[in-house]
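Have the sequence and the 3D view ready as you read.

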Amino acid sequence: MQASIFTEILLPLALAFVMFGMGLTLTVADFTRLLKAPKAIAVGLVGQTVLLPLLAFGLCMAFSLHPAMAIGIMILSACPGGTMSNLISHIGRANLALSVSLTALSTFICVFSTPFIIHYSMDYFAGENAPSFSIVTTVVGLVCVSIVPVIIGMAIRHFKPAFSIKVEGFFRTFSLWFMIAMIIGILISERANLMASLEEALLVCLALNISAVILGLILAFAFKLSNIDGITLAIEVGVQNAALAMLICITFLNSPEFAVAAGVYGLTMYAGPGLLAVWSKRLKNATKSADDDEGKDKTLATQKA
């Protein structure tokens with residue numbers, strides 16, 4: 001009974017709380033920005049919602065993953081970017097506006113695309129052994145735990161901006177600790193499955209993370225986006241909402257063994273984007289220092305003249 005209450009009520013409510021917190025950070029401008037920077041946002045959405053699942057599928061085949069791990073990886077890749085990608089973009093001084101816009105838009109899109117990717121993945125990798133799954137039920141569930149809380153949060157941000165800004169830090173902290181708690185819980189409860197496939201899980205998750213980061217950079221280069229936009233795309237494609245992936249596995253599919261992949265990825269997904277963000281920050285500081293030095297040289301030259 002307790003497990004049922006946790007998986008069916010407490011876990012979805014906690015994630016809805018996190019998504020509500022994300023909604024508090026969003027404004028209508030984050031969506032209308034699509035009109036101002038359509039190419040960067042369109043490229044980012046295609047990379048995150050189409051190319052990333054294809055990349056994940058290729059890695060599942062290349063690593064010959066067993067069904068539970070493969071399905072877990074595919075569920076993870078089908079999820080939108082999480083609020084942590086915005087935090088990393090902020091720390092790394094990437095294009096935070098683009099990051100927030102991509103996170104918001106991908107959240108709405110993936111509510112409808114994710115169930116179909118899950119359905120295909122389970123049919124392909126598990127076949128007749130796949131757990132029961134309803135696309136309609138999953139869509140409704142995702143709407144309830146993600147879209148509705150985000151909309152409520154956006155409404156409060158619109159009518160109570162001062163309050164929203166004041167509590168934004170609390171929700172960001174809650175999101176972080178909620179993610180950590182879920183990862184620890186999954187890894188402990190599924191420790192037998194984890195130990196049996198620890199090396200495999202680490203390798204494929206690191207490979208997916210690094211490949212996703214590289215994918216974002218390649219897309220930016222191919223479509224001639226700025227370096228900062230390229231770093232932002234790399235972070236957005238590389239950081240997924242692992243908490244949502246774990247919720248889907250545990251609550252919607254009642255298959256916590258699928259959540260092992262998301263749990264491991266939750267530990268490894270900050271490697272590539274984190275290093276990229278640090279490099280971006282140093283690059284900006286170096287550029288600013290060079291500009292300051294150039295300004296000083298011009299000032300000295302003017303004084304001498």
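The protein has 14 helices and 0 strands, where helices (H or I, at least four residues) and strands (E, at least two) are DSSP runs numbered from the N terminus. Keep in mind that this is a predicted model, where local features need pLDDT of at least 70, side-chain atom pairs count only at pLDDT 80 or more, and totals for chains, interfaces and linings use all residues. Residues are numbered from 1 along each chain as its sequence is written, and side-chain values use heavy atoms, with hydrogens and water left out.

- Of the protein's 305 residues, 50% count as buried (under 20% relative accessible area, 1.4 Å probe, protein chains only).
- The accessible surface of the protein is about 14,500 Å², and carbon and sulfur atoms own 70% of that (Shrake-Rupley method, 1.4 Å probe).

**Helix 6 meets helix 7**

- The axes of helix 6 (residues 96-125) and helix 7 (residues 135-159) come within 9 Å and cross at roughly 160 degrees; axes are lines fitted to C-alpha atoms over the stretch in contact, and angles run from 0 to 180 degrees between N-to-C directions.
- Helix 6 and helix 7 are therefore roughly antiparallel to each other (angles over 145 degrees).

- Of the contacts in the protein with a separation of 6 or more, 84% come from residues 24 or more positions apart.

Note on methods. Parallel < 35°, antiparallel > 145°, perpendicular 65-115°, else oblique. Contact = heavy atoms within 4.5 Å.
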